[in-house]
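Biologist: I am new to this model and would like to learn how to read its features. Could we take them one at a time?

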Amino acid sequence: MERLVLCVLSVFVSQEWFVVVAAFTQSLDSDFTFTLPAGRKECFYQTMKKDASLEIEYQVLDGAGLDVDFFISSPSGHLLFSDHRKSDGVHTVETEEGDYMFCFDNSFSTVSDKLIFFELILDNMDTDEDPDDWKEYAHGTDFLDMKLEDIMDTINNVKARLMKSVQIQTVLRAFEARDRNLQESNYDRVNFWSVVNLTVMMVVSALQVYLVRSLFEDKRRLRT
Amino acid sequence: MKALVIGIERTVFSTISGLYFHIGETEKKCFIEEIPDDTMVIGKYRTQLFDKQTNSFLPATPGLGMHVEIKDPDTKIILSRQYGSDGRFTFTSHTPGEHQICLHSNSSKLALFAGGKLRVHLDVQVGEHTNNYPEIAAKDKLSELQLRARQLLDQVEQIQKEQNYQRYREERFRMTSESTNQRVLWWSIAQTVILIVTGIWQMKHLKSFFEAKKLV
């Protein structure tokens, strides 16, 4: 009887500990890739809570000089960070309550569209409902002893590491896409200029021959 | 059971992550998602219309919808549908590559817009994030530990798929680079040969020309 009570108690204790551990590993992120036309400015807004943290990372993947203007401003309209013609950047903001605005500006370019990738990582948003709190939906009970907390800790640890892994993968994907676009434009450029080069050479060669011949033609006429 | 239904509803409609942007009346906003094949993508959006009278954004105007168009890496349209002011679209990729998701409003009633702006909240989930775990728990009758293990497995599988796709892209990249280098090499050699041959021909021709005209 006593053992049963102890068992039941340990059930409640462990599950609560598990919920507490789960709450601190909340991290939401989203990433977007879009084309910014020449001479345009595009703005995005993100609603934040107080004392959360917002990390934004962006990269220019394609388009002429691979650079763009970027700035981020707080809900009160105060300019927090401003980058001029950078190829990539990372900024972290400790947030207050409200909508943060960040903009990508391609006004300095008149002809080239920029392909821009950005990623938002939000921390400590602690939403009222914990989306990972599946206690209500899970069926059956786990047979518990004191070791289960350790397993839960490990699982949360692994989950956090995997999230970090996914973030790194996203960054690497952006780098690779940029390098690939650079190379493909190189390829096009080499093809085009080679053809131009060939044409110019032929034309110049023919022109030279014609000019020299015409010189002599005139002289012959002059003499006779 | 009721808790389960409420739970599922909450997960679907609750936090659209809070990122929003403004879109004009005829404007089309496009986003690119580069994904491996056989990956599910779920997009959710919520619209609000700017009301000049109250100078704020009103929620969910009925009758104002968004047209969603999704193109696959071969620029073939795989989804082209109209949704309401709040919508949810989903597709699964069959070829790996850059898929394009385009949104534009379908307002035929200009009065609704009246030169104002439309605020669109957008949330796009890819791959493992599309899984609805409460639903999976109910269907397979999993305990919490099993559910967590299942989520970890799904995540790792997604990472593995992405890495395979990355390897395929790197191979293509390497082939293009090598092809470029080869072309540059062969073209330089060809140019030099042509140059030399043209030079020799020029000299020979001029010499025979001068001799013919009895100048030399």
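**Reading the features**

Modeller: Strands are DSSP runs of E with at least two residues, helices are runs of H or I with at least four residues, and both are numbered from the N terminus. The model is predicted, so local features need pLDDT of at least 70 and side-chain atom pairs pLDDT 80 or more, whereas totals for chains, interfaces and linings use all residues. Residues are numbered from 1 along each chain as its sequence is written, chains are lettered from A and ligands numbered from 1 in the order written, and side-chain values use heavy atoms, without hydrogens and water.

Biologist: What is the phi of Arg85(A)?

Modeller: Arg85(A) has a positive phi of about 50 degrees, and it is not a glycine. A second case is Asp51(A), also not a glycine, with a positive phi near 60 degrees. Asp51(A) sits in the loop between β2 (41-48) and β3 (53-62) of chain A.

Biologist: Is Asp51(A) buried or exposed?

Modeller: The scale comes first: buried means under 20% relative accessible area, exposed means over 50%, and partly exposed is in between, with a 1.4 Å probe and protein chains only. Asp51(A) is exposed because its relative accessibility is 58%. Arg85(A), with a relative accessible area of 42%, is partly exposed.

Biologist: How many helices and strands does chain A have?

Modeller: Chain A has 2 helices and 8 strands. In sequence order the pattern is α-β-β-β-β-β-β-β-β-α. Of the 224 residues in chain A, 39% are buried. A contact means heavy atoms within 4.5 Å; among contacts in chain A with a separation of 6 or more, 79% are between residues 24 or more positions apart.

Biologist: What does Arg178(A) touch, leaving out residues up to four places away in sequence?

Modeller: Arg178(A) lies in helix α2 (residues 148-223) of chain A. Its contacts are Val60(A), Leu61(A), Leu66(A), Ser87(A) and Asp88(A). Arg178(A) counts as buried because its relative accessible area is 14%.

Biologist: How do I read strand pairing, and which strands pair with β5(B)?

Modeller: Two strands pair if DSSP finds at least two bridges between them. β5(B) runs antiparallel to strand β6 (residues 77-83) of chain B, with 6 bridges, and Val68(B) faces Arg81(B) in β6(B). β5(B) is also antiparallel to strand β8 (residues 97-105) of chain B, again over 6 bridges, with Ile70(B) opposite Ile101(B) in β8(B).

Biologist: Why is strand β5 of chain B described as largely enclosed by the rest of the structure?

Modeller: The description applies because 5 of the 6 residues of strand β5 (residues 66-71) of chain B are buried.

Biologist: What is the distance between the closest N and O atoms of Glu42(A) and Arg40(A)?

Modeller: Those atoms are 3.2 Å apart, and the two residues form a salt bridge. Glu42(A) is buried at 6% relative accessible area, whereas Arg40(A) is partly exposed at 33%. In chain B, the side chains of Lys29(B) and Glu27(B) form a salt bridge at 3.9 Å, N to O. One network, built from salt bridges that share partners, joins Arg40(A), Glu42(A), Glu27(B) and Lys29(B).

Biologist: Which residues does UniProt give for the "transmembrane region" of chain A?

Modeller: UniProt positions are in the numbering used here, feature names are shortened, and annotations may be inferred rather than shown by experiment. The unreviewed UniProt entry gives residues 192-212 of chain A. That span is 100% helix and 0% strand, with its end C-alpha atoms 31 Å apart. For chain B, the unreviewed UniProt entry places a "transmembrane region" at residues 184-203.

Technical notes. Salt bridge = Lys/Arg side-chain N within 4 Å of Asp/Glu carboxyl O.
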